[in-house]
Amino acid sequence: MGSRISEVFATLKQDKKMAFMPFITAGDPDLAGTQEVLKSLAAAQVDLIEIGFPYSDPIADGPVIQASYTRALGAKVTVHAIFDSISELKDEGLPPLVAMVSYAIVFRVGLDSFLEQCAESGVSGLIIPDLPGAEAKEVFEAVTSKGLDLIQLVAPTTPRERVKQILECCSGFVYCIAVAGTTGERREVADALLHQLKWLREETDLPLAVGFGISQPEHVEPLRGLAEGVIVGSALVREFQKVADGEIPADKLGEAISAFSNKMVEAAHATKQ
């Protein structure tokens with residue numbers, strides 16, 4: 001029996017479509033707002049949703065997402081409150097949820113307790129960007145024993161021998177970082193990424209999803225045939241920044257998120273004749 005994440009990618013592959021996975025920060029602008037955005041994303045028929053657990057010292061996030069984390073932490077969002085909020089939407093037909101969470105948070109809560117809360121709330125997988133390599137196997141076994149996926153990150157600059165080790169403790173999909181550095185919007189897809197995707201396809205049968213720098217529908221087509229999905233964070237979270245800056249009212253956030261997501265879904269789900 002495959003995981004929910006695996007099933008999504010398998011269905012899309014059968015239909016010759018790519019997955020679109022947006023990123024949002026839990027608790028920005030508040031948890032009630034997060035619930036509404038999650039429902040808006042589900043209505044836009046996104047394939048998966050990545051949820052960032054706010055952390056004061058994020059590892060790989062650029063200024064847009066860092067600011068979003070700061071706003072959520074300023075609102076006193078807690079891990080348990082996030083899980084409670086997600087749990088309330090279990091009957092809303094959400095796509096698989098993937099938690100982007102620092103290992104420091106998991107360690108503080110306790111691995112078993114954190115995974116129990118993931119499973120009970122409906123979270124399907126985890127991305128732990130600062131997971132120590134020495135502890136990856138133990139965490140991977142614990143995560144998969146709960147029927148969840150541990151998604152690992154690889155970058156074009158990651159040594160290939162290291163990538164092979166990472167793939168041994170990875171499930172669901174491989175998160176392929178488009179560029180070296182932090183998250184953020186870029187104008188075009190880098191050649192180094194395309195070369196790495198071709199190599200990765202020979203090394204693993206896991207779906208490949210590209211994030212960090214993907215920000216517009218035009219970025220999807222160059223990846224078609226090389227990756228199975230695209231992830232957008234900063235370009236989407238910028239809409240939350242507009243609310244914080246007073247550029248758009250909070251009650252228009254869902255509409256803005258839906259408009260952007262509809263374009264990305266259309267691009268990802270397009271099939272070549």
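**Helix packing and an aromatic cluster**

The crossing of H10 and H11 is right-handed. The model described here is predicted. Helix H10 spans residues 234-244 and helix H11 spans residues 253-269. The two pack at an angle of about 160 degrees. Their axes lie 10 Å apart. Angles over 145 degrees count as roughly antiparallel, so H10 is roughly antiparallel to H11. On the H10 side, the contact involves Ala235, Leu236, Glu239, Phe240 and Val243. These meet Leu253, Ala256, Ile257, Phe260 and Ser261 in H11. By class, the residues of this contact comprise 8 nonpolar, 1 polar and 1 charged.

Aromatic contacts were examined next. The structure holds 6 aromatic pairs. In one of them, the rings of Phe53 and Phe83 have centres 5.4 Å apart. Their planes meet at 55 degrees, so the pair is tilted. Phe53 sits in the loop between strand E2 (49-52) and helix H3 (63-74). Phe83 belongs to helix H4 (residues 79-87). The pair therefore ties together parts that are 30 residues apart in sequence. Both Phe53 and Phe83 are buried.

Phe83 also pairs with Phe114. Here the ring centres are 5.2 Å apart and the planes stand at 70 degrees, so the pair is edge-to-face. Phe114 lies in helix H6 (residues 111-121), and Phe83 in helix H4, so this pair ties together parts that are 31 residues apart in sequence. Phe83 is buried, with a relative accessible area of 2%. Phe114 is buried as well, at 0%. Phe53, Phe83 and Phe114 form one aromatic cluster.

Conventions
Residues numbered from 1 in each chain as written. Predicted model: local features only at pLDDT ≥ 70, side-chain atom pairs only at ≥ 80, totals over all residues. Heavy atoms only, no water. Axes fitted to C-alpha atoms, helices over the stretch in contact; angles between N-to-C directions. Helix = DSSP H or I, 4+ residues; strand = E, 2+ residues; numbered from the N terminus. Parallel < 35°, antiparallel > 145°, perpendicular 65-115°, else oblique. Left-handed = near helix turned anticlockwise from the far one by under 90°. Contact = heavy atoms within 4.5 Å. Nonpolar A, V, L, I, M, F, W, Y, C, P; charged D, E, K, R; others polar. Phe/Tyr/Trp six-rings, centres within 6.5 Å; stacked < 30°, edge-to-face > 60°. Buried < 20%, exposed > 50% of the residue type's maximum accessible area, 1.4 Å probe, protein only.
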